[in-house]
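Keep the viewer open as you read.

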Amino acid sequence: MTPVLSAFFGPQHPLRRRSWHTLANCLLLGAAVWCAGRAQAQSPAPPTPTAAQAVAIFAGGCFWCVEADFDKLPGVISTTSGYTGGKTANPSYEEVSRHTTGHAEAVKIVFDPAKLSYRQLVDHFWHTIDPTTKDRQFCDYGTPYRTAIFALDSAQLAQAQASKAALDKVKPFKEPIVTQILLASEFYPAEDYHQDYYKKNAVRYAFYRSSCGRDARLSKLWGDLAAK
């Protein structure tokens, strides 16, 4: 991430690497430049689901945005940002950002299956991402920003594959869907400053999301189906 964007997102920001497009927007808006250190924060333990609850894991680029897109759904109990799909145990954000761990930014969702089914979650997930780009989401580039559905068991795997097959028949764009669907591996919660970032840093989050072009691209891909 450039010093300008690092400064804008403040001392708690984990030096997220952004595109030159985002940098240009930031410069045009006159973001101030300053140097600040970032205190390390311990990764929180994700909520443990009860017997009446279920879990889903999705990777949709920036995990701040995935949290925001799913927290609003009735039946979602909690969301936890983290890392999964790679080879490094207990990775830090800095390690994942170096693109050497194999992990993707992902979100673990605890939900009430009596109010919201796994298939409904998957169907909603498609409308929150650009499934046509590999190792990228909007202004974020590299394998940590790939899209993926990490199924927790064979039943989830089958439902995710069925959802993709149905989408292939009706998708409103010509490009192929490249989002991975695979069985989940270990999920590692991200550092505390990442959790609920869109709530704790609402102005900075809104600026990032707008500058990154996420909602504009979703609208172009999905039209009225795009997640709001």
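How many disulfides does the structure hold? The answer is one, where a disulfide is a pair of cysteine sulfur atoms within 2.5 Å. Before we look at it, a word on what you have on screen: this is a predicted model, in which local features need pLDDT of at least 70 and side-chain atom pairs count only at pLDDT 80 or more, while totals for chains, interfaces and linings use all residues. Residues are numbered from 1 along each chain as its sequence is written, and side-chain values use heavy atoms, with hydrogens and water left out.

Cys139 and Cys212 form it, with their sulfur atoms 2.0 Å apart. The angle about the S-S bond is -105 degrees, which makes the link of Cys139 and Cys212 left-handed. Cys139 sits in the loop between strand E4 (136-137) and strand E5 (140-141), and Cys212 belongs to helix H8 (residues 202-212), so the pair ties together parts that are 73 residues apart in sequence. Helices and strands here are DSSP runs (H or I, at least four residues, for helices; E, at least two, for strands), numbered from the N terminus. Both Cys139 and Cys212 are buried, which means under 20% relative accessible area; exposed is over 50%, and partly exposed lies in between (1.4 Å probe, protein chains only).

Now find Cys62, which is in no disulfide. The nearest cysteine sulfur, that of Cys65, is 3.9 Å away, and that is too far for a bond. Cys62 is buried at 0% relative accessibility, and Cys65 is buried too, at 1%.

Time to zoom out. The protein has nine helices and eight strands. Six strands form an open sheet with mixed pairing, in the order E7-E6-E1-E3-E2-E8. Strand E7 (180-183) and strand E8 (188-189) are at the edges with a single partner strand each, so one side of each has no neighbour in the sheet. Two strands pair if DSSP finds at least two bridges between them.

Go into the sheet and you can follow the partners one by one. Strand E1 (residues 54-60) and strand E6 (residues 147-151) pair antiparallel over four bridges, and Ile57 has Phe150 as its bridge partner in E6. E1 is also joined to E3 by five bridges, again antiparallel; here Val55 has Val110 as its partner in E3. E3 pairs in the antiparallel sense with E2 over eight bridges, with Phe111 of E3 as the bridge partner of Val76.

Is E3 mostly covered or uncovered? E3 is mostly covered, with eight of its eight residues buried. In a regular strand the side chains alternate between the two faces of the sheet. In E3, Ala104, Ala106, Lys108 and Val110 are buried on one side, and Glu105, Val107, Ile109 and Phe111 are buried on the other.

Helix H3 (residues 63-71) lies across E1, strand E2 (76-84) and strand E3 (104-111), and runs at about 165 degrees to E2. Helix H6 (residues 154-170) lies across E1, E6 and E7, at about 170 degrees to E7. These angles run from 0 to 180 degrees between N-to-C directions, with axes fitted to C-alpha atoms (for helices, over the stretch in contact). In H3 you will find Phe63, which is buried with a relative accessible area of 0%.

That brings us to the packing. In soluble globular proteins, nonpolar side chains tend to be buried together. The largest nonpolar core has 46 residues, of which Phe58, Phe70, Tyr118, Leu121, Trp126, Ile149 and Trp222 touch the most other members. H3 gives the most to this core, with six residues. A nonpolar core is a set of buried Ala, Val, Leu, Ile, Met, Phe, Trp, Tyr and Cys residues joined through side-chain atoms within 4.5 Å.

One last stop is Gln195, in the loop between E8 and helix H7 (197-200). Gln195 counts as buried at 9% relative accessibility, and its side chain reaches the backbone oxygen of Ala190 at 3.1 Å.

Methods: Contact means heavy atoms within 4.5 Å. A polar contact is a pair of N or O atoms within 3.5 Å; within protein, one must be able to donate a hydrogen and the other to accept it, and residues adjacent in sequence count only if both atoms are side-chain atoms.
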